[in-house]
Amino acid sequence: MWQTPDSIARNEKWFYDAKFGVFIRFGVYSVLEGAYQGKVQQPRCAEWIWADAKISAAEYREVAMTFNPVEFDAEQWVKIFKDNGMKYVVITAKHHDGFALFDSAVSDFNMIINTQFKRDIIKELSEACHRNGLKFGVYYSQAQDWYHPDAPVMSPRNYSAIWKN
């Protein structure tokens with residue numbers, strides 16, 4: 001479905017008027033904090049560590065099982081955002097590693113099945129934003145889903161190494 005020019009203009013005006021929001025990159029890669037087996041990733045870009053450090057798929061699934069953000073509190077996060085003047089929240093619902101922060105029907109590589117946490121972070125954050133008057137959006141990477149063997153890779157890098165176990 002295409003947006004009309006009027007709809008695009010309204011959205012752009014809202015975005016420029018809002019001026020201040022938050023983009024949260026959060027997922028399995030957060031556990032590794034930009035370092036793997038004692039080697040710090042350069043540049044330190046945590047969400048690319050699976051590919052850049054050439055971690056096997058089996059090892060990365062093990063890392064996913066340790067992802068347990070027990071201190072995650074959507075209401076507290078949203079209160080902080082709102083108290084600091086933010087108007088919108090965008091979070092990585094699924095980044096390039098293919099791991100979904102929600103209960104995905106597309107893949108079992110998600111918060112509910114592959115972590116100790118077993119909660120839908122996207123649902124909780126979305127509901128908290130709506131209750132508190134913040135716009136909510138998600139970043140969902142489809143073109144570079146490293147977990148899905150048939151997904152296209154839109155990058156000059158060669159990620160075939162991540163599928164070797």
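**A tour in questions**

Visitor: At the start of helix 5, which residue has a side-chain oxygen that reaches to within 3.1 Å of the backbone nitrogen of Glu 75?
Guide: First, this is a predicted model: local features need pLDDT of at least 70, side-chain atom pairs count only at pLDDT 80 or more, and totals for chains, interfaces and linings use all residues. Residues are numbered from 1 along each chain as its sequence is written, and side-chain values use heavy atoms, leaving out hydrogens and water. Helices (H or I, at least four residues) and strands (E, at least two) are DSSP runs numbered from the N terminus. The side-chain oxygen at the start of helix 5 belongs to Asp 73.

Visitor: Seen down the axis of helix 5, what arc do its buried residues fall within?
Guide: Helix 5 covers residues 74–83, and its buried ones (under 20% relative accessible area with a 1.4 Å probe, protein chains only; exposed is over 50%, partly exposed in between) are Ala 74, Val 78 and Phe 81. They line one face of the helix, because the arc they fall within is 60°. That arc is taken from the directions from the helix axis to the C-beta atoms. So for helix 5, the arc is 60°.

Visitor: Which helix is included in what covers the buried residues of helix 5?
Guide: Contact here means heavy atoms within 4.5 Å. The cover includes strand 1 (21–24) and strand 4 (88–94). It also includes a helix spanning 121–131, which is helix 6.

Visitor: And what arc do the buried residues of helix 6 fall within, seen down its axis?
Guide: In helix 6, the buried residues are Ile 121, Ile 122, Leu 125, Ser 126, Ala 128 and Cys 129. These also line one face of their helix, because they fall within an arc of 165°.

Visitor: Which residue with a positive phi follows helix 6?
Guide: Let's begin at the other end, where a side-chain oxygen of Asp 120 reaches to within 3.2 Å of the backbone nitrogen of Ile 122. After helix 6 comes a residue whose phi is positive, near 75°, and that's Gly 133.

Visitor: How far apart in space are Met 86 and Gly 21, C-alpha to C-alpha?
Guide: Met 86 sits in the loop between helix 5 and strand 4, and it counts as buried because its relative accessible area is 15%. Leaving aside neighbours within four places in sequence, Met 86 is in contact with Phe 20, Gly 21, Val 22, Phe 81 and Leu 134. Met 86 and Gly 21 are 65 residues apart in sequence, yet their distance in space is 4.5 Å.

Visitor: Which residue's side chain makes a polar contact with the side chain of Glu 47?
Guide: Glu 47 lies in the loop between strand 3 and helix 3, and it counts as buried because its relative accessibility is 9%. Not counting residues up to four places away in sequence, Glu 47 touches Arg 25, Tyr 29, His 95 and Trp 146. A polar contact is a pair of N or O atoms within 3.5 Å; within protein, one must be able to donate a hydrogen and the other to accept it, and residues adjacent in sequence count only if both atoms are side-chain atoms. At 2.4 Å, the partner of Glu 47 is Arg 25.

Visitor: Zooming out, what percentage of the protein chain's residues count as buried?
Guide: The chain has six helices and five strands, running α-β-α-β-β-α-α-α-β-α-β from the N terminus on. Of its 165 residues, the buried share is 42%.
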